[in-house]
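Please open the structure in your viewer and keep the selection tool at hand. The stops below tell you what to select next and what is there.

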Amino acid sequence: MPRAAVLGSPIGHSLSPVLHLAAYDALGLADWRYQAVDCDEHRLRPFLTALDEEWAGLSLTMPLKRLALELADEVSPLAAAVGAANTFVRVEGRWYADNTDVGGMVDALREVGVTGPMRTVLLGAGGTAQAALAALRELGVTEPVVLVRDLSRAGELQAAASRLDVHPQIRVGLTDPVAYQVAYRAELLISTVPAGAADQLALHPQWTDKGTLLDVVYHPWPTPIAASAARCGWRIVSGIDMLLYQAARQVSAMTHRGAPVEAMRGALLSAATR
């Protein structure tokens, strides 16, 4: 009986079981199982050690994405460059760590027509921002502007940028209304900050050219900046879209089958609405 799970802490809010179980159902994989497991950094190593050969893969969320690199038997070049892994796949009895957040962003952006280099602004400096740098590199963007709250906390982002050969212009801007102007003029704006952290951009919006906004938040939705940009004709990509596509890549890696994206999308939207 093949098994998989999503690990993190807290984990009760995770929609990963909805996505993966919908995929198994659509693929006719009736014997596959997927569950959510509350697991923090202290419990990850013993959890991995206890798994038998039934386990095909694991989805990893916070706070495990950086620790995963240390515990994996092998790490993909992409996950190593980003500095985080969200996926473990069993390969010949060994755990292979990868990062599907990057591909999830790329797929979600391409779905709405983002295909090439453009004037880009990134909000935030955390792990998701590091994945966003890798996604931007794949889209041909190598010099994005990055707005952060505190330059002293951007060290991991700068290290990831160096590994990815991306050259961001990092500025303190999430607390400076003057700096917001660069966000309003972006062709592509990616917000990787938590819910509420970018709400200031919606207070006195001055969106100029029509662009695309990817906001990784999906609850509550729409976020104030997503609603504000949408009213000005911007294309909007939500965290739900990114979640869908990163999970689709995980399903393919774990089952060795093409992911049934539309079946997964339907289940996800239904669950998110509830």
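A residue is called buried if its relative accessible area is under 20%, exposed if over 50%, and partly exposed in between, using a 1.4 Å probe and protein chains only. Helices (H or I, at least four residues) and strands (E, at least two) are DSSP runs, numbered from the N terminus. The model is predicted, so local features need pLDDT of at least 70 and side-chain atom pairs count only at pLDDT 80 or more, while totals for chains, interfaces and linings use all residues. Residues are numbered from 1 along each chain as its sequence is written, and side-chain values use heavy atoms, with hydrogens and water left out.

**A covered helix**

Begin by selecting helix H5, residues 101-111. Eight of its 11 residues are buried, so H5 is largely enclosed by the rest of the structure. The buried residues are Asp101, Val102, Gly103, Gly104, Met105, Val106, Ala108 and Leu109. Just after H5, select Gly113, which takes a positive phi of about 100°.

**Its partner**

Which residues make the contact, meaning heavy atoms within 4.5 Å? From H5 they are Asp101, Val102, Met105, Val106 and Arg110, and from H6 they are Thr128, Ala131, Ala132, Ala134, Ala135 and Glu138.

**Aromatic pairs**

Now show the rings of Phe, Tyr and Trp (its six-membered ring), which pair if their centres lie within 6.5 Å; planes under 30 degrees apart count as stacked, over 60 as edge-to-face and the rest as tilted. A search of the whole structure finds six aromatic pairs. In one of them, the rings of Phe47 and Trp55 have centres 6.0 Å apart and planes at 75°, so this pair is edge-to-face. Both Phe47 and Trp55 are buried. Then select Tyr184 and Trp207, whose ring centres lie 4.9 Å apart with planes at 80°, so they too form an edge-to-face pair. Tyr184 belongs to helix H8 (residues 180-184) and Trp207 to the loop between strand E10 (188-191) and strand E11 (212-215), so the pair ties together parts that are 23 residues apart in sequence. Tyr184 counts as buried at 2% relative accessibility, and Trp207 counts as buried at 9%. Finish this stop at Tyr24, Trp32 and Tyr34, which ring pairs link into a cluster.

**Backbone details**

Most residues other than glycine have a negative phi, and most peptide bonds are trans. Select Met62 and Pro63, which are joined by a cis peptide bond with omega of about 10°; Pro63 is in the loop between strand E3 (55-60) and helix H3 (67-71). Another cis peptide bond joins Trp221 and Pro222, with omega of about 0°, and Pro222 is in the loop between E11 and helix H9 (224-231).

Asp165 has a positive phi of about 60° although it is not a glycine, and its place is in the loop between helix H7 (155-164) and strand E9 (169-172). Is Asp165 buried or exposed? At 53% relative accessibility, Asp165 counts as exposed.

Key:
Axes fitted to C-alpha atoms, helices over the stretch in contact; angles between N-to-C directions. Contact = heavy atoms within 4.5 Å.
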